[in-house]
Amino acid sequence: MNDNIWILTSADSIAIATTLILAALGALFTERSGVLNLGIEGVMLTSAISAFLAADASGSIWLGLIIGSIVGAIMAAIHAVLSVVFRANQIVAGLALVIFGTGLANFLGKPAEGKTVTTVILPLSFGPLSDIPVIGPIVFGQDIVTYFALFIAIVSSLFLFRTRPGLELRATGDDPATVDAQGLSVAYIRIRYTFIGGLLVGLGGSWLMLAQSAAWHQASTTNGLGWIALALVVFAGWRPNRIIFGAVLFGFTLQLPFTLQAEQITIIPSAFMQMLPYLATLIALIALSRPGGRNLLGAPKALGTPFVRDER
Amino acid sequence: MNDTSHEVAQGSHHLGGVAPTALSAHNIVKRFPGVLANDNVDFDVRAGEVHTLLGENGAGKSTLAAILCGLYQPDSGYLLRNGKPMHLSSPRAGLQHGIAMVHQHFRLVDRFTVSENVILGSRDLGFRLNRKEINEQVAAVAESFGLPIDPNAVVGELSVGQRQRVEIVKALYQGAEILLLDEPTAVLVPAEVEKLFDNVHSMTKAGKSIVFISHKLGEVVEISDRVTVLRNGRVTGHVSGKGTTDTRELARLMVGRDIELNAQRATHPIGHEVLQIRNLSLSINEVEVLSDVSFNIHAGEMVGIAGVAGNGQRELADTIAGLISPASGSITISGAMTTDRGPIQAREVGLAYVPEDRLGMGLVPSMSILDNLLLTRDRKVIVDRTSIRPEASRLIDQFEIKANGPDHLARKLSGGNAQKVLLARELSGGRSATKLLVVCSPTRGLDVGAIETVRSLLNDARSAGQAILLISEDLDEVMSLADRILVLYRGAVVHETPGATASLSTVGAAMAGLLENGGV
Amino acid sequence: MRLPIRVVFDQRGEAPKRLTALVPIVSVLAALFFGAIFLLATGYSPIDTYTNMFSDGFASSRGVTDTLALSTVLICTGIAAAFAFQMNIYNIGGEGQLYLGMIGGAWAGITLGDHLPSLIMVPLVLIFGALAGALWIFVPAFVRSRLGTSEIVSTLLLTYVASSLIDYVIYTPDSFFRNPNTSFPQGRLVSASAKLQSFGDTRLYPTIFVAIILAVVLYWVVKRTEFGYRINVIADSPKAAHYAGINAKRTTMSVMLISGALAGLGGAMLIVGPYGKIEPSIVNLGYGYAGIVIAALARNNLAAIVVSGILFAGLRVGGEKLQISTDTPIHIGVMLQGAILLFALGGEAFRRYKIRVVLVRAVTT
């Protein structure tokens with residue numbers, strides 16, 4: 001067995017983790033405001049194809065990332081309008097977004113089938129640092145979006161717990177009536193962070209497309225990463241810094257089957273290896289549950305409940 | 001228009017030597033679907049005074065307060081601040097004019113610390129929060145008004161009185177000149193009420209105006225410089241001058257007629273033992289909620305449990321009703337052990353339970369009256385609605401429930417009618433004839449008429465020989481109804497006294513935990 | 001940021017009857033209009049597309065029977081979703097439970113076949129399919145009722161696992177479920193006695209009656225039985241259920257298992273009906289996800305699902321025929337599903353609230 005494959009797997013898991021970090025952070029901001037957007041998978045998929053088409057048409061990866069992120073935000077805005085303005089059932093609205101996003105992405109993706117993006121996002125060069133054994137490829141072998149994702153995760157943590165808007169965001173998810181009584185607009189805060197969340201999810205989806213997949217595979221482009229991101233938020237107890245850790249862990253289980261396949265290690269059938277990340281997520285989710293234990297985990301108390309000012 | 005209204009505002013209460021009017025409301029009208037909550041109401045408060053809004057539940061005082069602080073906008077009428085017209089589009093606008101409301105249900109985030117709660121919504125702070133600086137600021141504001149509080153304490157872990165203090169500190173921190181206190185004493189024990197009144201005095205001395213909202217006559221007379229009485233959305237009278245106020249007159253203005261909520265106790269011999277509780281202890285999340293509680297109730301007897309909210313009353317009721325399993329101890333209803341057997345077994349030996357939470361626990365809001373009557377009965381495999389329909393109609397008539405018949409949805413009932421449906425079901429027996437009735441806060445939030453009805457229903461049940469456990473945070477209610485009073489403090493019975501000879505001060509002291517070693 | 005207008009929502013006591021019917025119709029129309037914009041933007045003619053879809057889905061005899069044929073499985077996944085949704089349990093893994101229903105049904109159809117008559121075999125296949133669907137939701141149901149683990153994420157994650165499982169049983173050489181006689185990987189046929197005859201030369205099978213009867217029976221169960229009463233109490237207020245001594249854990253567990261069984265039954269109906277074997281392309285059809293939309297459109301009313309299921313099937317059939325006859329991508333159908341649901345959700349607000357836009361007076365100080 002090649003010793004390098006573990007290093008490569010680790011390096012690649014961090015790459016997958018980038019998508020997860022961005023998508024989970026997006027979900028986290030949304031959920032911290034009290035909005036449960038289950039449509040992450042659909043948002044990611046739509047962003048991915050938009051990024052692909054934009055990059056393909058313009059030849060610019062960066063334009064692809066920007067367009068993809070904006071499309072993500074627009075998709076999330078649909079959810080925000082339905083759940084905040086129209087007070088729709090947030091769960092059904094999220095599911096509708098998944099179905100709508102999947103159909104839309106596949107529809108838009110028709111001309112993209114069989115094409116590949118000519119340029120992909122390349123890892124940054126750190127010169128000799130990247131050549132350090134083991135650490136080199138893992139720490140210094142990533143592209144700028146990965147470093148950006150890590151940066152955003154750390155900044156998000158500071159934002160949530162060390163700033164005034166962060167305080168207001170946390171309060172909105174926990175106790176919207178109190179925020180309302182302070183004269184802050186619950187609706188505006190929720191729409192804003194659902195939108196920002198969509199931006200991050202969109203960036204995650206776009207990056208996945210342009211740096212990872214580089215070819216459009218319809219719905220299997222994201223292949224449930226959006227759902228794993230949602231579980232990751234629970235796993236991280238709604239704390240941004242813990243998302244990094246969880247994302248790397250999930251990234252590893254996601255990458256493992258590919259590495260093993262590439263190395264032609266076939267102790268376990270590949271179909272079972274493909275189940276691994278989903279089963280791992282499920283087990284993590286169950287392990288974190290306990291009766292009435294939502295609050296112990298730090299779930300926003302008003303998560304998923306529309307806010308209606310109590311006017312008799 | 002502004003000029004004349006200015007004059008009216010100044011002229012109406014301008015007596016020699018008093019402070020200028022800080023805030024006034026004129027011809028306020030506010031309508032909710034089906035209710036005229038404020039009907040042409042005038043109100044004003046001067047700097048450095050306590051002006052009380054007195055009225056029964058539903059009289060419109062909370063609505064007026066909500067308009068004064070910007071939470072609601074009036075349908076017509078206008079507000080003046082220091083004689084200048086203002087429009088409050090939100091509570092934030094109210095704050096900008098120095099007006100803040102301390103809500104009855106605290107608007108605090110449980111998971112936040114005291115200082116995080118105090119600064120929430122404050123616009124003067126920058127983007128970054130400097131915890132140390134903020135803690136110092138908050139502590140300074142608190143101390144300057146004699147309201148000591150730990151800025152780092154987590155609000156969810158504070159007592160009710162302390163939380164109220166946080167609310168007040170928050171209003172002061174945000175620069176409030178006029179504080180609206182909505183039923184501030186409803187949740188406090190007598191000792192805490194005194195502390196609150198001290199704080200109110202130190203605030204008025206510093207020139208703050210207090211609008212005090214209450215329906216309790218005694219305390220109103222004690223604290224107020226002036227009183228405005230509301231009834232059915234209209235002002236029915238103004239009374240000024242501290243100490244000179246006639247409570248009887250206030251009561252008449254408030255209720256609209258002379259009423260006597262007289263004590264009425266068992267007039268017939270008390271029968272055999274129906275409920276026996278022995279050494280009941282209970283812990284929830286490793287916190288002791290009930291500790292070694294023992295008492296009994298006889299047929300035709302009403303035992304009242306007094307205590308400040310959160311001292312184990314609700315858990316006691318739930319445990320007796322079979323909803324919670326105790327850690328140790330036993331419950332016997334009419335000779336049958338029901339400990340740990342669940343609610344259905346308890347009901348089969350004669351338990352009936354009216355929980356504090358009417359709509360949502362006692363009644364299913366989206367179901368009809370008919371289906372709600374079935375909630376605690378044996379429903380068979382295929383629910384038989386036809387045979388219970390006549391009984392439902394009969395109960396609606398008998399209990400004078402205002403509804404369009406048995407298919408009326410529970411959530412469309414008024415508070416009083418919902419409570420009547422609940423009592424109708426529980427008193428009429430389900431799985432067996434009712435022998436023991438457990439009632440929690442049976443009159444909370446009801447209007448005067450409904451309160452009278454509910455209390456007389458309880459009295460009738462007692463006269464009919466049912467054993468009743470009355471759990472209420474309304475001390476007056478317990479004092480005037482119960483044959484025997486137990487005080488629950490931190491999950492333990494700390495005081496027991498016959499209702500007829502109970503003294504308010506002793507019971508109050510027990511509720512505050514000043515009689516830890518047991519009274520009688 | 002403050003706009004000079006405020007949107008005021010006044011809750012209606014009772015939703016007007018005409019709105020109850022109008023909202024779904026308007027949602028469909030709005031979604032079609034919305035889809036038209038996309039079609040135009042991508043160079044297709046919306047009018048041609050829609051007329052073709054309509055005539056293929058509803059207006060030809062072939063279209064009608066195809067629509068009814070497809071609605072058979074969609075009604076199953078629809079009631080599967082709605083049965084759980086009505087208790088605020090969001091089983092969105094109907095897709096995976098459907099796959100397992102196929103696997104379970106195929107297993108019974110292959111193993112038990114030959115000796116037994118059709119009259120016994122067909123029900124056995126259906127029962128095994130339902131059992132497999134229930135089995136697939138067992139873990140989510142167990143942890144949801146005991147530990148409160150979100151069934152939304154758990155059922156969905158298992159769908160991905162189920163999809164890999166389908167791959168495994170078909171693409172693995174020597175797999176029990178793989179047809180040993182073809183080199184191209186495809187499912188092994190169940191025995192002839194496990195297959196039903198279709199009506200004439202249509203693709204419609206008698207299982208449609210099973211689906212419709214099931215929808216009506218379950219509707220009755222919810223309205224009239226003790227079990228239904230419990231579901232209604234828990235759905236509205238779990239505290240009231242606790243108060244009344246209703247065992248919410250057991251009811252939750254039963255409801256989820258039934259929901260999974262219904263989706264599994266849908267999968268088994270594909271075995272006794274059109275396929276007769278495990279069809280790996282099922283993973284691209286999204287019948288389970290469509291059930292969610294169908295349930296939401298019918299507002300979780302189990303009897304109304306028959307109508308929304310058939311409506312939806314028509315939309316799909318029209319969309320699929322389109323794919324064959326023109327080059328309009330099939331995905332427009334899925335996108336329209338999502339759009340219809342989104343518009344229906346928005347429209348729901350108009351049903352529940354009287355919505356007014358009021359001008360906020362300018363502050364004059």
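This is a predicted model: local features need pLDDT of at least 70, side-chain atom pairs count only at pLDDT 80 or more; totals for chains, interfaces and linings use all residues.
Within chain C, two domains are assigned, of which domain 1 is built from two separate stretches, residues 1-44 and 328-365, while domain 2 covers residues 69-300. The centres of domain 1 and domain 2 of chain C, taken over C-alpha atoms, are separated by 32 Å. Where these domains touch, six residues of domain 1 of chain C meet five residues of domain 2 of chain C. On the side of domain 1, helix α13 of chain C, which spans residues 331-352, provides the largest share, namely five residues. In terms of residue class, this side of domain 1 of chain C holds five nonpolar residues and one polar residue, with no charged residues.

Chain C also touches chain A, and this contact involves 41 residues of chain A and 38 residues of chain C. On the side of chain A, two or more residues come from each of the elements α3 (61-85), α4 (90-108), α10 (225-235) and α12 (270-287) of chain A, and the largest share, 12 residues, is given by α4(A). The side of chain A that touches chain C comprises 28 nonpolar, nine polar and four charged residues.

The contact between chains B and C takes in 28 residues of chain B and 20 residues of chain C. At least two residues on the chain B side are supplied by each of β5 (84-86) and α11 (343-348) of chain B, with β5(B) contributing the largest share, three residues. Sorted by class, the residues of chain B that touch chain C are 16 nonpolar, seven polar and five charged.

Definitions and conventions:
Residues are numbered from 1 along each chain as its sequence is written. Chains are lettered from A and ligands numbered from 1 in the order in which they are written. Domain bounds come from an automatic or database domain assignment. Two residues are in contact if their C-beta atoms, placed from the backbone, lie within 7 Å. Helices (H or I, at least four residues) and strands (E, at least two) are DSSP runs, numbered from the N terminus. Ala, Val, Leu, Ile, Met, Phe, Trp, Tyr, Cys and Pro count as nonpolar, Asp, Glu, Lys and Arg as charged, and the others, Gly among them, as polar.
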